[in-house]
Amino acid sequence: MLTTILLALSALLPSILGQFGVNSNIDKLVEAVIQAIGSIFTAIKTGTSTEGEILSVLTILQTTLAAVEKDTSVDPQIVDDSAEAIRDLQAAIAAYEQAMLVEDVSTLTPLPEVE
Amino acid sequence: MQAKRFFYLVVLPFSLCFSLTLLVDGCQKKTAPLPKNAVTSLDGTFNADLQAAHAAIVQYETDVKAGVHKATPEEKAAVNVLIRAVNVAQPLEIAYHQALLSNPALVPPAELNAAMSNVQTAATSLQSSLTGKAK
């Protein structure tokens with residue numbers, strides 16, 4: 001079921017993946033996202049994560065995103081999608097990490113649909 | 001170059017998800033301690049998965065509403081399918097958690113298992129529907 005989250009988060013990646021192999025900054029970003037998904041979620045789930053490790057991966061994500069944002073050859077929609085995918089991923093990581101420490105089902109409130 | 005693009009466009013996403021399913025959900029010998037307030041590890045896992053999805057969706061909606069992220073109508077429609085699935089699963093997990101408090105031996109009801117499965121299906125559909133954005 002963890003892959004549910006990964007699939008949802010990777011929903012924005014297809015537009016980025018289409019650029020893979022074309023732009024080295026995009027390549028680094030995709031690899032950083034895949035690394036983050038693979039290493040962070042696994043580490044949290046197995047209880048082997050440390051704050052330093054998580055921060056390190058998140059820093060890499062931000063750094064690679066910054067390079068994409070500065071790259072004027074990248075389609076602005078790709079930049080937008082990249083930034084959004086990372087914001088969503090970071091939110092998911094923070095929530096997952098917290099939930100693996102303390103379960104609080106009261107925060108599972110109904111979500112409004114996107115308009 | 002073409003082989004590399006094919007690998008990353010087609011092979012990697014599916015193999016990543018499949019291998020992570022095996023690695024994370026099935027084959028771990030090491031697991032994190034039970035979250036505080038969780039009654040069983042499955043209860044904790046269901047909650048953590050839904051919390052992550054919930055947080056990602058809230059972030060997405062906040063950004064769309066604020067104009068930070070420009071979402072196409074197709075993207076919004078696909079995300080809403082996921083939101084509806086999550087909204088079905090959440091109260092079922094809450095009810096299961098509450099029931100576990102008085103009976104820790106309870107297995108997840110079929111309804112909850114089906115709802116969590118639907119969340120995964122909706123997420124899969126979301127990814128498929130947006131594949132067309134790939135250039």
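Predicted model: local features only at pLDDT ≥ 70, side-chain atom pairs only at ≥ 80, totals over all residues.
Local features need pLDDT of at least 70 and side-chain atom pairs count only at pLDDT 80 or more, while totals for chains, interfaces and linings use all residues. Residues are numbered from 1 along each chain as its sequence is written, chains are lettered from A in the order in which they are written, and side-chain values use heavy atoms, without hydrogens and water.

A salt bridge was defined as a side-chain nitrogen of Lys or Arg within 4 Å of a carboxyl oxygen of Asp or Glu. Three salt bridges were counted over all chains.

Arg87(A) pairs with Glu84(A) at 2.8 Å, N to O. Both residues lie in helix H5 (residues 76–99) of chain A, three residues apart, and are thus separated by about one helical turn. Helices are DSSP runs (H or I, at least four residues), numbered from the N terminus. Glu84(A) is buried, with a relative accessible area of 0%. Arg87(A) is partly exposed, at 24%. Buried means under 20% relative accessible area, exposed over 50%, and partly exposed in between (1.4 Å probe, protein chains only).

Arg87(A) also forms a salt bridge with Asp63(B) (2.8 Å, N to O). Asp63(B) lies in helix H2 (residues 41–65) of chain B, so this pair joins two chains. Asp63(B) is buried, with a relative accessible area of 5%.

Glu113(A) is partly exposed at 36% relative accessible area. Arg84(B) is partly exposed at 42%.
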